[in-house]
Amino acid sequence: MIMLEITNLHAGYAGLEVLRGIDISISPNEIVALIGPNGAGKSTVIKSIFNISDVTSGSIVYKGEEITDLHTHELIDFGISYVNQGRVIFSNLTVRENLEIGAELIRDRHVVEKNLSHVFRKFPVLKRKAGQLAYALSGGERQQLALGRALMQNPSLLLLDEPSLGLSPKLQKELFETISQLREDGLSILIVEQNAKKAIQIADKTYLLEDGKIALSGGKDIIKHEKIKNVYLGGRY
Amino acid sequence: MAVVAQLIINGLIAGSIYALVAAGFSLIFSTNKFMHFAHGSSVVIAGYLLFTFFSLWHIPFYLSCLLTVVLTGVLGVVLHRFVYLPLEKKNASTVVLLIASIGLLMLFQNLLQIIFSASVKTIGYVQVAQGVSLFGASITPLQIAIILLSFFLLILLYWFMKYTALGRNMRAIADNKELAEIIGIDHIKVASLSFFIGSALAGIAGILIGLEQNVYPTMGTMLIVKGFTGAVIGGIDFVPGSILGSYLLGLIENIGIWFIPSGYKDALSFALLFIFLLFRPQGLFGINKGVRK
């Protein structure tokens, strides 16, 4: 069974075409990584799914339904959550408010409470700092808060845009462990990453994006491919 | 001593009105990120609505007040939906929106002059009353009502912003509109509601000032300048800050005339506005945009 199927997607921003016909599929309970150089269009894939960039042609089908033109709240209701780049949180709201607002679309108070205690179990530091304003959080805590906020929406598919960017190696390691853990919890995850090696290691399937097209795809053994070795891991690792 | 007490009380009365105007202005600014100077029109239109309902049509006073407040709130929503939103959809900059709001302020001022003439209108609900004595100062029952009612409403607004989901969403949009959209908050609906609440507060300010000082077409312009100054002093995108800033402005203006001729009262507030815009544009209590890395 396929959870998300992207077929021949062309997309971009205000007439500028970034993605030039890509195909990606995500199965339930799977981590899919998108790697590639800056400007290849990795983030645009996620933004197309979340209807933030302009899709010019192609289709995006989620659980059998075409979602290309849906509104944000409809996508969230469908179980798709998006954590954007830069660990963006509401700095002037408390940690608890940041989480509760994530569940804005859930009307059932009990479900919200249940999700909140689930997030607090997963990220104990957020529970400790629940009453504090979020602007005082450290980089790693901000990333946890951004993830926690997305989890408050009860997603089945999580879209993560460069979550490790700017984090220390230690925090990156913790983050990737958390992401693997989320898969164990039953989520599907599409992750856009600049850290190609780490991404390939945790992903079930990796797509290499170059110049708006899929240049290569495969499982964990993709790491042995000449192209990945030379261009993305060469020199750095 | 009695004179000082009188000046402080006068400052509190003025500050109460400014705070009501500034709180609404600030609330609308925080969720929309542009200066709604036509907020002054909401104040003056409320004064004329009360005059029409109560003095001309003889509708019972409290019903007239209720109608006035609701209609002023609706006016704010109408301006948002039919003037600002279409401009925003055409990607108008905040400067364009600012100019539109000043245009609306002038339009309403002139419309009021055409309909009601430029002369002062008296609502005449409150008879001229003997003031009661407080620390040697004189204060009328209406003035006591102005201070208490403003205080109560501003506490209520604070509670609403802090403890309700809608208030939280307003603060979230003020903080980061893009993120608010990503998590599914309908920012247009929230912006419209902040126009309703902010304008209704302006309506209450218009009623109070209409009862205290009569109504005339140009009073909206002066009041929005005072409300704006109070908001700048306190921190324009932080509602509690702009409320405190407004009380401060009222007090400084009125205590200032202890030292300088009362004719310079307005000049004093303009001087304060300049000083803050130059040296502390974020205001005394403005939102801290600092981010810990």
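Modeller: Let's begin with a pair: A:Y207 has A:S217, in strand 10 of chain A, as its bridge partner. This is a predicted model, where local features need pLDDT of at least 70, side-chain atom pairs count only at pLDDT 80 or more, and totals for chains, interfaces and linings use all residues. Residues are numbered from 1 along each chain as its sequence is written, while chains are lettered from A and ligands numbered from 1 in the order in which they are written.

Biologist: What makes strand 9 and strand 10 of chain A a pair?
Modeller: Two strands pair if DSSP finds at least two bridges between them. Strand 9 (residues 205-210) and strand 10 of chain A have five bridges, in the antiparallel sense, so they pass that test. Strands themselves are DSSP runs of E, at least two residues, and helices are runs of H or I, at least four, numbered from the N terminus.

Biologist: Why do strand 6 and strand 10 of chain A stand at the edges?
Modeller: The open sheet has six strands in the order 6-7-8-3-9-10 (chain A), with mixed pairing. Strand 6 (80-83) and strand 10 (213-218) of chain A each have a single partner strand, so one side of each is left without a neighbour in the sheet. The twist averages 15 degrees from one strand to the next; such angles run from 0 to 180 degrees between N-to-C directions, with axes fitted to C-alpha atoms.

Biologist: How do you know how confident the predictor is about chain A?
Modeller: From pLDDT, its confidence in each residue, from 0 to 100. Chain A averages 92, and 97% of the residues score at least 70. Within chain A, helix 9 (residues 226-233) is lowest at a mean of 74, and helix 5 (residues 124-128) is highest at 97.
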